[in-house]
Amino acid sequence: MTTLSGKTIIMSGGSRGIGLAIAVRAARDGANITLIAKTDKADPRLVGTIHTAAEAIEAAGGKALAVVGDVRDDETLAAAVDRTAEAFGGIDIVVNNASVLNLSPTATLDPKRYDLMQDVNVRGTFMLTRAALPHLLASPDPKVLTLSPPINLDPRWFAGHPAYTMAKYGMTLAALGFAHELGQKGVTSTCLWPATLVATDAIGNLPGGDQMIKVSRKPDIVADAAWEILTTEGQGLNGQTVIDEDLLRARGVADFAAYSMTGKDEGLAPDLFLS
């Protein structure tokens with residue numbers, strides 16, 4: 001498979017950042033894309049809404065369905081799956097993109113913020129995949145792509161922000177569970193994570209975010225790696241946690257300067273969990 005033309009993707013999040021970049025890259029092939037996101041109206045801290053994202057998908061050549069709702073809500077997920085299947089005839093790909101970033105240490109993390117990370121990151125990943133599963137099983141080459149890191153048990157990731165680490169690793173564990181449980185039924189489940197920081201609002205809104213953005217790569221690199229994963233036929237990437245740069249190098253990309261916010265492939269900040 002060398003194109004996503006005619007494929008139907010359902011994605012959590014996607015109003016901006018990495019999720020939107022993945023959606024637009026797929027739309028350039030002519031894919032159908034459903035976004036499930038909360039940003040219905042403009043927010044001064046964030047660029048874009050689910051509606052501007054849908055417009056970008058359509059402008060790129062795809063078809064978009066915008067579902068305003070919360071990935072934590074089971075009725076929203078069920079309705080999004082039903083609407084997607086009705087509009088496009090099925091579901092071929094699930095992209096678990098929605099995620100909450102909070103680097104607070106244990107003593108200062110509000111319980112509601114802890115619950116939010118667990119519910120969006122882990123439960124959202126599990127329940128969206130579960131809701132779409134009947135349609136995935138009817139697809140000829142179904143894929144589940146989860147934006148989460150390799151499991152790294154270096155103590156520093158737990159010492160600095162254990163709750164966030166738990167939430168992101170929970171996404172990876174869910175994806176690996178899908179790979180082993182559903183792989184035998186033909187579903188390919190793969191994780192994807194960037195080698196460097198990526199210029200997103202989530203990073204930019206952190207303390208010191210402006211400087212971090214300057215030493216980051218553009219979301220396009222993750223989008224191109226996602227496209228490579230989603231167009232890989234069969235289950236060769238099932239159960240793998242892929243790093244964007246490693247995959248693109250293996251697929252023939254040698255110059256990464258165009259992905260950099262600086263225009264140079266040097267001096268970039270390594271991503272969380274990989275540094």
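**Salt bridges and cores in a predicted model**

Visitor: Is Arg-251 buried, partly exposed or exposed?

Guide: With a relative accessibility of 37%, Arg-251 counts as partly exposed, where buried means under 20% relative accessible area, exposed means over 50%, and partly exposed lies in between (1.4 Å probe, protein chains only). This is a predicted model, in which local features need pLDDT of at least 70 and side-chain atom pairs count only at pLDDT 80 or more, while totals for chains, interfaces and linings use all residues. Residues are numbered from 1 along each chain as its sequence is written, and side-chain values use heavy atoms, with hydrogens and water left out.

Visitor: OK, which side chain does Arg-251 meet in a salt bridge?

Guide: Arg-251 meets Glu-228, at 2.9 Å from N to O; a salt bridge here is a side-chain nitrogen of Lys or Arg within 4 Å of a carboxyl oxygen of Asp or Glu. The pair links distant parts of the chain, 23 residues apart, since Glu-228 lies in helix α9 and Arg-251 in the segment after α10. Helices (H or I, at least four residues) and strands (E, at least two) are DSSP runs, numbered from the N terminus.

Visitor: And Glu-228, buried or exposed?

Guide: Glu-228 has a relative accessible area of 17%, which means that this residue is buried.

Visitor: How many salt bridges does a search of the whole structure find?

Guide: The search finds 11 salt bridges. One of them joins Arg-249 and Glu-245, again at 2.9 Å from N to O, and these two residues lie in helix α10, four residues apart, which is about one turn of the helix. Arg-249 is partly exposed at 38%, whereas Glu-245, at 16%, is buried. Both belong to a network of salt bridges that also links Arg-217 and Asp-265.

Visitor: New topic: how many residues are in the largest nonpolar core?

Guide: That core has 37 residues, and Ile-33, Leu-35, Leu-145, Leu-147 and Leu-192 are those with the most contacts inside it. A nonpolar core is a set of buried Ala, Val, Leu, Ile, Met, Phe, Trp, Tyr and Cys residues joined through side-chain atoms within 4.5 Å.

Visitor: Which element gives the most to this core?

Guide: Helix α9 gives the most, with eight residues.

Visitor: What is Leu-192 in contact with?

Guide: Leaving aside neighbours within four places in sequence, Leu-192 is in contact (heavy atoms within 4.5 Å) with several residues, including Leu-145, Leu-147, Val-222, Ile-229 and Ile-243. Ile-243 is itself included in a second, separate core of 33 residues, along with Leu-116, Met-117 and Leu-128.
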